[in-house]
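Please have your viewer ready.

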Amino acid sequence: FPFPYTPYRIQEQFMEALYGALEAGRVGIFESPTGTGKSLSLICGALSWLRDSEEKKRQEEARLLEGLSPAEPGHAGSTEAAGEPDWVTAFVQRKEERDKVDRLKEEQIRRKKREDRLEKIRNNVQLKYAAKRKRSEEDETKRLLQLSKEALSQGAGADVLDQLDHNEEELILAEYESDEEKKAVSGLEDDDDDLEEEHVTKIYYCSRTHSQLSQFVREVQKSPFGKDTRLVSLGSRQNLCVNEEVRRLGALQLINDRCMEMQKNKHEKKSDEENEGKKRRVSRTVCPFYSYEQMQFLRDEVLVEVKDIEQLVSLGRETKACPYYGSRYAIPAAQLVVLPYQMLLHEPTRSAAGIKLKDQVVIIDEAHNLIDTITCIHSAEVSGSQLCCAHSQLSQYMERYRKRLKAKNLMYIKQILYLLERFVAVLGGNVNQNPGCQTVSQTGTVLKSINDFLFQSQIDNINLFKVQRYCEKSLISRKLFGFMERYGGSAIAVKNNKENQKLAGLQNFLLTLQQGSDKEGDPPVEAENDQLRAASPLMQIEGFLSALTSANQDGRVILNQQGTVGQSSLKFLLLNPGVHFAKVVEECRAVIIAGGTMQPVADFREQLLSCAGVDPARVLEFSCGHVIPPENILPIILCNGPSNQQLEFTYQTRDLPQMMDETGRILCNLCNVIPGGVVCFFPSYEYEKQVYAHWEKTGLLTRLANKKKIFQEPKKANQVEQVLVEYAKCIKRCSQAGGQMTGALLLSVVGGKMSEGINFSDDLGRCVIMVGMPYPNIKSPELREKMAWLDKTMPRAAGQAPSRVLIENLCMKAVNQSIGRAIRHQKDFASILLLDHRYARPATFNKLPQWIRERTQVKPAFGSAFAELRKVRTSVSCT
């Protein structure tokens, strides 16, 4: 490699370190700045190791089949120690070897069968579309049969059930046979041995967003491994469902429940048809895309050619096969499985998807927010309004179908109702009254351990594990949503026909509740927001019940009492994310945690890996340099402003007029010499608004606007793209036209919409300015509890309390993410200004990314910093 800053050398170093970590079975923390080809390095390094690993495995199989394998060490010795004769030991050893050889032969036969089938599909275009033609013929046959049935039934009249109508039959809960969780085995899986593939070593690659996963799949397609890698893209039903009737439900939980219900209907359909003696069986809706033959075809297509989620959905629509289940069927034979964070980190979701991590490799990309992600996934919050609404709906459901529900269903429903009553009582309310009109006697936030909360709520005698399992298996939230969708609408028309007359009393009662009237004559309830209308509140409550089954020391329950019972809430806060990550690192052969900016890594070691029980000797850290040469970046820590005002943006001093004036003077001077775009990050939206108003009052804003057009980051996510487009257009227009206006100034917020995932490359970000240090709010009850938990469980590091280290790390993680927005490729260049003398402290300075830290200059005075910036501009202009 002739040039020291080409990305290829860095990619080679990255791949070597990655290969070594996978070979040794380590837990790796890999940092690779943007522009170094991190995704490509992850692909090539992991797939290279996988190819070598499979080759070694096949060689070992060949040796065993030839009878050249040595006896397993220590086996004979352990048998002799038990006092067994030599002939018994030899017999047992020979039998084990024969059984192992037989298993290997069976695996080879299945592997050869699968490879031949995939090769045939890959090369035979006619076979590729045979399943599609077959499906079309089946649809036509079904259509003709339906037309025949309709023709025969004309004039015959319909047999009407006296008890319930057609749609109501689907709302009845099925009989709950046992409290013990049973493994549901699909009849399709029993009928076909072809799904039982041999054990294949896999790489599970996960990232945060759907777009990042699609980008990764495209990188695989372009890589040298793209043609011969069996890749499967997994996603939620919300992303993969092709049944428009289900997709229209919108909310993810509703889609999940409806899908599972339609599957259940399909499996029950055969037994229903065989059941005689009934007047009429109500036909239940089944999913037309849940066809095994078509999903098997889709599975083979996925394994033959690398496809992202969009291509998978298109293929599912063409073949009328479910992409969600078709992709899951492909997991056993896949080599590379691409999936979102939640599917890997949430154990119930992982199990439902059929993901087995034993001896596999997991790569978690964009992992700088991994701790927050795990905490968010396993936390839950419910409002008083949701609790009261769920109690009202469930009570009405029980009264309506009491005579049709089995005893165990009634028992569990009554337990859930009791739980809801006690939760509302803890918030200081009554479920029989309007939550929006019940004033809370004492406002504030209280944190309790799980056990204390259960005792205070008087629910410690209820087995929450059984209740949670019942909610999951019975699909009660889905049934309840269907019930309210049918009878709980805001405007129900009660007709005078016989069918609706018998429901008029119930409908009037529901309307009365929705209007907020109760037996104490409270005023009307305010309308719920759209989010609460989209799904049954019981779905949120199920998540909260699941969280309450955590160990007492791993979480806290937050009682937030504000104004009224409806505004108050109960929240479960996970304190120990390591307890959930432990199951991943224990099962996997190797885990790679990768990101562009991982500093400071102490959080990953202490809060995640140490709490997960990972041996420190198993942890490997790797950080590679940036692809840009040293002269392409100028990081400066500025201690004083133009008027020699010390820059210290603490909560006590940052609101001072002289501090805001000094910040404005710095920006005015920089905008005079820096072309293109300047991005300025403030600690919060409130402070950014306050500074903007002050500059507008003093006239500094007008001076800034003479050189740069000023843009502000919007709070609403749907407005971000429009602001960015206008910002980019302004910079391009100014660079082409010349004149006094040299570009644009974007005022952003740390932790906001533009501090992560946005690329301010080239002229969009020639300078990034960080105003102050964005420390989190230590008055937050959640953060205070997290700090107290760390002080109790973690040792002091370098004389600092773990809580203090946490605050410092949260601040610097936010800073590092924000300032990394500017340098996005090998030829990019930018300046970085950190406006606060506290950045120069050794403990803080060492938490900057290495590639920035090595090139950072500490400037006590503004004059020397300004001279460096002018020098950089001159050199860049000459270039």
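What follows covers aromatic pairs, charges over rings, and cavities.

Please keep in mind that this is a predicted model. Let's begin with the aromatic rings, where the count comes to 17 aromatic pairs. One of them joins Phe30 and Phe622, with 5.4 Å from centre to centre and 40° between the planes, which makes the pair tilted. Phe30 belongs to strand β1 (residues 27-31) and Phe622 to strand β11 (residues 619-623), so this contact ties together parts that are 592 residues apart in sequence. Both Phe30 and Phe622 are buried. If you select Phe14 as well, you will have an aromatic cluster on screen, made up of Phe14, Phe30 and Phe622.

Now turn to another pair, Tyr205 and Phe216. Their ring centres are 3.5 Å apart and their planes meet at 5°, so the pair is stacked. Here a strand and a helix are brought together: Tyr205 sits in β2 (residues 203-207) and Phe216 in α9 (residues 210-222), so the parts tied together are 11 residues apart in sequence. Tyr205 is buried, and Phe216 is buried too.

The charged end of Arg654 sits over the ring of Tyr687, 4.8 Å from the ring's centre. Arg766 lies over the face of Phe829, with 3.7 Å to the ring centre.

Rolling a probe the size of a water molecule over the atoms shows where empty space is left. Searching the whole structure turns up six cavities of 30 Å³ or more.

How many residues line the largest cavity, and which lie nearest its centre? This cavity, with a volume of about 160 Å³, is lined by 15 residues, and those nearest its centre are Cys241, Cys259, Cys287, Cys322 and Tyr325. Helices α12 (252-274) and α15 (323-329) each contribute at least two lining residues, and α12 gives the largest share, four residues. By class, the lining consists of 12 nonpolar, two polar and one charged residues.

The second largest cavity has a volume of about 50 Å³. Its lining is formed by Asp603, Glu606, Gln607, Leu790, Met794, Pro802, Val805, Leu806 and Asn809. Two or more of these residues come from each of α29 (602-610) and α35 (802-819), with α35 giving the largest share, four residues. Sorted by class, the lining of this second largest cavity has five nonpolar, two polar and two charged residues.

Terms used
Residues are numbered from 1 along each chain as its sequence is written. This is a predicted model: local features need pLDDT of at least 70, side-chain atom pairs count only at pLDDT 80 or more; totals for chains, interfaces and linings use all residues. Side-chain values use heavy atoms; hydrogens and water are left out. Rings of Phe, Tyr and Trp (its six-membered ring) pair if their centres lie within 6.5 Å; planes under 30 degrees apart count as stacked, over 60 as edge-to-face and the rest as tilted. Buried means under 20% relative accessible area, exposed over 50%, partly exposed in between (1.4 Å probe, protein chains only). A charge sits over a ring if NZ of Lys or CZ of Arg is within 6 Å of the ring centre and within 35 degrees of the ring normal. On a 1 Å grid over the protein atoms alone, a cavity is a set of points where a 1.4 Å probe fits but cannot get out, and a pocket is an open set with protein on both sides within 12 Å along at least five of seven lines; lining residues have an atom within 4 Å of a point. Grid points are joined across faces, edges and corners, and a volume is the space filled by probe spheres set on the points. Ala, Val, Leu, Ile, Met, Phe, Trp, Tyr, Cys and Pro count as nonpolar, Asp, Glu, Lys and Arg as charged, and the others, Gly among them, as polar.
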